[in-house]
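Try each task before reading its solution.

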Amino acid sequence: MLGPDSPAPLRRRQWLRGLAWGAAAALPGAGGAAAGTTIRLSHVVAPDTPKGLTLERFRALVEARSGQRLRVQIYPQGQLYGDQDEMQALQLGAIDMVAPSLSKFGPIGFPEFELFDLPFLFDSVADVRRLTQGPVGQRLLDRLGRQRLLGLGFFDNGFKHMSANRPLLEPADFVGLRMRVQASRVIAQQMRTLGANPVTLPFSETRRALESGVVDGTENPVSNFWTQNMQAVQKDLSLTQHGYLGYAVVTHQRFWLNLPGTDRALMQQALREALDYGNSIADAHNDKALAALRASGAVRIHTPSAAQRQRFKAAVMPVQADLARRIDPAWLHAVREALPPPLAG
Ligand code: LMR
């Protein structure tokens, strides 16, 4: 969604293209000099989050192992590009790598990625690994090639919880609320099945929208809630653990294939280790954010009972049928094959 001061779409594309060539020309190594390569990496969350820490680990490994010949310039918190333009910037070469939420691939032509948004699909991150580290995950990454994108790997943030200025423990609690969602039709439908009104906004605009009352509530893992200081504008956090939020690291084939093979191999190994590191800290990082939130006393924290969780799960089940109408049913079949029953519903 373009903000009021954003250039119109067409001018934005020209603006991005100009920026791309301008930035490329300014980079060391442009015009043939082999002074070294700077990899420009953009993401939308704070540095002190599972995503921020994972990508920082990637940077440190790449620079150390290349003797600083390869540099990774990270632009966190949407400093350079946000939800509304980071994939376009990647396509135009204005940025070299991004790590968007899996919930943001639907609007750019990959609705199959919204499988990860299905509420209550996963009972643990171990279940997520059955997809991300198996054939379903690889087939999803391979599909990015249709737009000359290259999916380099998946990694976690964690499970999402609901926040608003009232407890959200029963489906009836959501009725009439305007809930900020990521650009995912599954998540929008999830909110509709609860009687809420989904409002798609870039992550960077979420806190301001909560503060101004444009939206009443949202969902996210605690690490994002805490690092965006959402506790200052939300009175109630309900630990619904109703859905998963993870990421994919994506580059453009043009950038990747222009790298020397030795640099690609070095970066692939560094990324593999960084993603393993990120997955090993994500749970603990979200737990640490929750502990800090509890200690701050800034928000009322509610835990739904097992019965309330069951009623919540039953209320949102129609979302699966909605997605099945939009993507090849073979995807849902493959997911059910990969996950332990009865979790796949
Ligand atoms: C969101 O937009 O809520 C999340 O995707 C932010 C992120 O990338 O973790």
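Keep in mind that the model is predicted.

**Exercise 1. Find how many residues surround the ligand, and which side chains place an N or O atom by one of its oxygen atoms.**

Solution. 

1. Now look at polar contacts, using pairs of N or O atoms within 3.5 Å. The side chain of Gln182 has an N or O atom 2.7 Å from a ligand oxygen.
2. For the side chain of Asn220, the distance from an N or O atom to an oxygen of the ligand is 2.8 Å. For the side chain of Asn224, it is 2.9 Å.
3. Finish with the cover. On its own the ligand has 270 Å² of accessible area, and the protein covers 100% of it.

**Exercise 2. Work out which strands pair with S1, and in what direction they run.**

Solution. 

1. Start with strand S1, residues 37–42. Of its 6 residues, 5 are buried, so the strand is mostly covered, with buried meaning under 20% relative accessible area.
2. Go to strand S2, residues 70–75: 6 bridges join S1 to S2, and the two run parallel. In this pairing, Ser42 stands opposite Tyr75.
3. Together with helix H2 (residues 50–65), S1 and S2 make a right-handed β-α-β unit.
4. Turn to strand S3, residues 97–98, which is joined to S1 by 2 bridges and also runs parallel to S1. Here Leu41 stands opposite Met97.

Terms used
Residues numbered from 1 in each chain as written. Predicted model: local features only at pLDDT ≥ 70, side-chain atom pairs only at ≥ 80, totals over all residues. Heavy atoms only, no water. Buried < 20%, exposed > 50% of the residue type's maximum accessible area, 1.4 Å probe, protein only. Helix = DSSP H or I, 4+ residues; strand = E, 2+ residues; numbered from the N terminus. Pairing = 2+ DSSP bridges. Right-handed = clockwise from strand over helix to strand, strands pointing away. Polar contact = N/O pair within 3.5 Å; in protein donor to acceptor, adjacent residues only side chain to side chain. Areas by Shrake-Rupley, 256 points an atom, 1.4 Å probe, with all protein chains shown as cover.
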